[in-house]
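This briefing goes through selected local features of one protein model, grouped by topic. Please keep the sequence and the structure open while reading.

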Amino acid sequence: MTHRNFTAAVKGAAFGQWPYILQQLAGLTDLQVDTRTRSTGTACPLCGGHDRYSFKSDDEGGWACRHCGGGDGFTLLMKLHGWDFTRTVQQVASLLGLSQDFPEELDRLRKEAEERRRVHEQQNQQKKQQQQAEGIQEANRFWDNSVPYRRHPYAEYKRFSPFLKSLCRQLDDWLLVPVYSPDGFLMNIQRFVNYMPTDGSRWPRYFVRNAPVKGGWLAYGPDSHHVLITEGVADADACYQIESGACKVVCAFSANQFSSVAKLVRQYHPDSEIILCPDSDPAGLKHAIKATTEVHGCLISQPPTPYKDWSDFFISQQEVA
């Protein structure tokens, strides 16, 4: 068996067994191989930081530390012991009882590992689908218990149009902005707090945990030759008002959704010209450029300098007026 095939066999055999491997070869504690540390953090086996480290996954031994970086189980063993990759593979192979001298045994273990991976991926997919379903139910509970828009600091500060206000709702102190699927069902809610940050940072907002955002949008306005896609809801409404309510605007809720939302817009409006309206930052422009290469008939329009986004520009014009 070649070195490459042996390495692949060892990686396959190790799949899903990294808590055991890291405890045996690196002396990690139960907590240091517990995926619940993804949200809490714990002591790092490399630098000793008391809450910098988290264990990401059993399957590949994924881990991360704010000081040491991150990687898979092999990377952690290499960093901890100073081993090169070849020796690390040999140590893992020895622990698992693998040898290049028995290719039939390795082939059996490879097939077992492939089956574990298949089952693992199937379980993860089922878990994700269940979590998304629960998230959508939670979003709909928020919406069902809310009331029509009355008054909210964020909407007033951003000068939402009456039409957008009619699409939003309120629940206690929260402003609720719906995230719809293209076929019209509520898949998530973006919630805005009722206070303005005093340090000039971004106004706090939250999606419902586990409910999907990918593939969702908020689209309104009449069918028109131009369809404007923005990152945020305030930017969409700013564009809507700049155009005097004469065109359709679509909030993608994130710059990294430009491509997927532009594809949906093209599907529903095949003859329209799509104008991507990113914020004035490199990330927004990067995703907008990517969308123009993936969806025919896309243009890009950023707000004039020095405005950070279309909402910022729109508010400035209202203040001048």
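Where is the place of G49? G49 sits in the loop between helix 3 (37-40) and strand 1. The model is a predicted one.

- Setting aside residues up to four places away in sequence, G49 touches T42, A43 and C44.
- The relative accessibility of T42 is 8%, so T42 counts as buried.
- Beyond its neighbours within four places in sequence, T42 is in contact with L31, Q32, T37, G49, H50, D51, R52 and Y53.

- An open sheet is formed by 3 strands in the order 1-2-3, with antiparallel pairing.
- Strand 1 (53-55) and strand 3 (69-71) are at the edges; each has a single partner strand, so one side of each has no neighbour in the sheet.
- On average, neighbouring strands of this sheet are turned by 10° against each other, direction ignored.
- Strand 2 (residues 63-65) and strand 3 run antiparallel and are joined by 3 bridges.
- One of the paired positions is C65, whose bridge partner in strand 3 is G69.
- Helix 4 packs on the sheet and touches strand 1, strand 2 and strand 3; the direction of helix 4 makes about 50° with that of strand 2.

**Helix 4 and helix 5**

- Helix 4 (residues 73-81) and helix 5 (residues 85-95) have axes that come within 10 Å and cross at roughly 110°.
- Angles of 65 to 115 degrees count as roughly perpendicular, so helix 4 is roughly perpendicular to helix 5.
- The crossing in which helix 4 passes helix 5 is right-handed.
- On the helix 4 side the contact is made by F74, L77 and M78, and on the helix 5 side by F85, T88, V89 and V92.
- By class, the residues of the contact of helix 4 with helix 5 are 6 nonpolar, 1 polar and no charged.

**Helix 10 and helix 11**

- The axes of helix 10 (residues 258-268) and helix 11 (residues 282-294) are 8 Å apart, and the two helices pack at an angle of about 40°.
- Helix 10 and helix 11 are therefore oblique to each other.
- Helix 10 passes helix 11 in a crossing that is right-handed.
- F258, S259 and K263 of helix 10 meet G284, H287, A288, K290, A291 and E294 of helix 11.
- The contact of helix 10 with helix 11 is made up of 3 nonpolar, 3 polar and 3 charged residues.

- Of the 5 residues of strand 12 (residues 273-277), 4 are buried, so strand 12 is largely enclosed by the rest of the structure.
- H226 stands opposite E273 of strand 12.
- Strand 12 also pairs with strand 13 (residues 298-300), in the parallel sense and over 3 bridges.
- I274 has C298 as its bridge partner in strand 13.

Note on methods: Residues numbered from 1 in each chain as written. Predicted model: local features only at pLDDT ≥ 70, side-chain atom pairs only at ≥ 80, totals over all residues. Heavy atoms only, no water. Axes fitted to C-alpha atoms, helices over the stretch in contact; angles between N-to-C directions. Parallel < 35°, antiparallel > 145°, perpendicular 65-115°, else oblique. Left-handed = near helix turned anticlockwise from the far one by under 90°. Contact = heavy atoms within 4.5 Å. Nonpolar A, V, L, I, M, F, W, Y, C, P; charged D, E, K, R; others polar. Pairing = 2+ DSSP bridges. Buried < 20%, exposed > 50% of the residue type's maximum accessible area, 1.4 Å probe, protein only.
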